[in-house]
Amino acid sequence: MEKAMLSRRSFLGTATALASTTAISGRAQAANIPEAPIMDKATMQPPLHPSSGPNYRPVVTLNGWTLPWRMNGDWKEFHLVAEPVEREFAEGMKAYLWGYNGQAPGPTIEAVEGDKVRIFVTNKLPEHTTVHWHGVILPNGMDGVGGLSQPHIKPGKTFVYEFQFTKSGSFMYHPHSDEMVQMAMGMMGMIVVHPHDPTFRPVDRDFVFIMSTYDIDPGTYLPKVNEMTNFNMWTWNSRVFPGIDPLAVRLGDRVRVRIGNLTMTNHPIHLHGHKFAVSCTDGGWVPESAQWPETTTDVPVGAIRAFDFLADNPGDWAFHCHKSHHTMNAMGHDVKNLIGVSRTDLARAAGKLAPDAMAMGSTGGAMGEMEMPMPENTLPMMTGTGQFGPIEMGGMFTVVKIRDGLARDSYADPGPYKNPPGTVAYEIDAPDAEPPRQGKPKEATKPAEMKGMKGMKGMKGM
Ligand SMILES: [Cu+2]
């Protein structure tokens, strides 16, 4: 991880108390606008440890960062700037999005239960905006619904939100102003409020990310903002596999992962090799008596699920959305199923496709291994390489890397897992490829039979 904290003018350090004046609410103090730090990279930044107030273990944002703040009296002050940004989804593809402070999604806002916060929002977009603090209990006029609870923030203007985080938990922020366009352009971020009591459900590692989707044609850079269902980029923090940070975890750590969903569909998020329990939603903490073990949890639209687990099983564990179309990238979404079609038919069919397009193989996918010419600025449907070969994934997929002896605050990728001898699935010598069986196996469907299946669409029960 590299530090890439930049400054609009000269940012004066992180979480620094600049003033120790007594609390003066409102307008006089607000006139002194804090710096708005920016980020120029899509790589995971080190956690921001608290330098004052109650102690807590700070969160780590996948491919992201936490927004630095300053203390002004007993107010914690943040400055968000809504603006056009360029975001790399993975190496080989960039998107022109709208976000906050140089990136989309915006930085994670981190605070402590009981904190009084003053959040400055400057609008550098070409249209008006607002910020809604999703899940936060606050006075109605601070809720950020343009037209309903406040005037829209016009381009070039700065508004101030002042409220107190009265409860801890996991929340989000996003515009409530031309919402369809602004969320489709990537405007969103996460809020984590730590419990005032550091002994309340502490964890050793606390990861956070938000899910968003885009429809960006290969070779182009702008999302189609009117799209409602047919997305081709399924992202975690506006990154896709293999561009999503792995989650480095020390063996034996208690781990929390907080996941927000501002896409148009639900995402069943699955972790291999472990069980977990949902501990927190955007509504608050789930009582332990109401938790049950899971390996997949559905994250509904407009909701947060945080789950906790004990990392007691070392290895490289897949962590992904279980909708298989959400673990693929743009190229290939319109490819036809050619399983069972003969090689010559396949070649003929492929010839009709655009020269840069890829065809699905007649024996299944196997596209992860194909080296096909790609249009500029897009990503292969199935990609990524592991120590045993192509991983054939994209979109909402990454790896939880659990290792013995990682440093407490190290989130660096520890590299591929060294499996103990004798613990990896292996090939045996079975030369005739015809295993002993009970009874005669059913013949596999042949291409000729598949042709005969034409017209079955209209049959009852199909
Ligand atoms: Cu999904």
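**Close-up views of a predicted model**

**View 1. V112 and the residues it touches.** Leaving out neighbours within four places in sequence, V112 is in contact (C-beta atoms, placed from the backbone, within 7 Å) with G53, P54, Y56, V193, H194 and H196. Residues are numbered from 1 along each chain as its sequence is written. Please keep in mind that this is a predicted model: local features need pLDDT of at least 70, side-chain atom pairs count only at pLDDT 80 or more, and totals for chains, interfaces and linings use all residues. V112 belongs to strand β8, residues 109-112 (strands are DSSP runs of E, at least two residues, numbered from the N terminus). V112 counts as buried because it has 20 C-beta neighbours inside 10 Å (buried means 20 or more other C-beta atoms within 10 Å of a residue's own, placed from the backbone). Look also for D197: its C-alpha atom is 9.4 Å from that of V112, although 85 residues separate the two along the chain.

**View 2. V192 in strand β13.** Here you can find V192 within residues 189-194, the span of β13. This valine is buried too, since V192 has 24 C-beta neighbours inside 10 Å. Not counting residues up to four places away in sequence, V192 touches V59, T108, E110, S170, V208 and R258.

**View 3. An open sheet of five strands.** Follow the order β16-β26-β23-β18-β21, in which the pairing is mixed. β16 (247-250) and β21 (296-299) are the edge strands, each with a single partner, so one side of each has no neighbour in the sheet.

**View 4. Where β16 meets β26.** These two strands pair in the parallel sense over four bridges (pairing takes at least two DSSP bridges). Within this pair, R250 stands opposite R403 in β26.

Note on methods: Buried ≥ 20, exposed ≤ 12 C-beta atoms within 10 Å, placed from the backbone. Contact = placed C-beta atoms within 7 Å.
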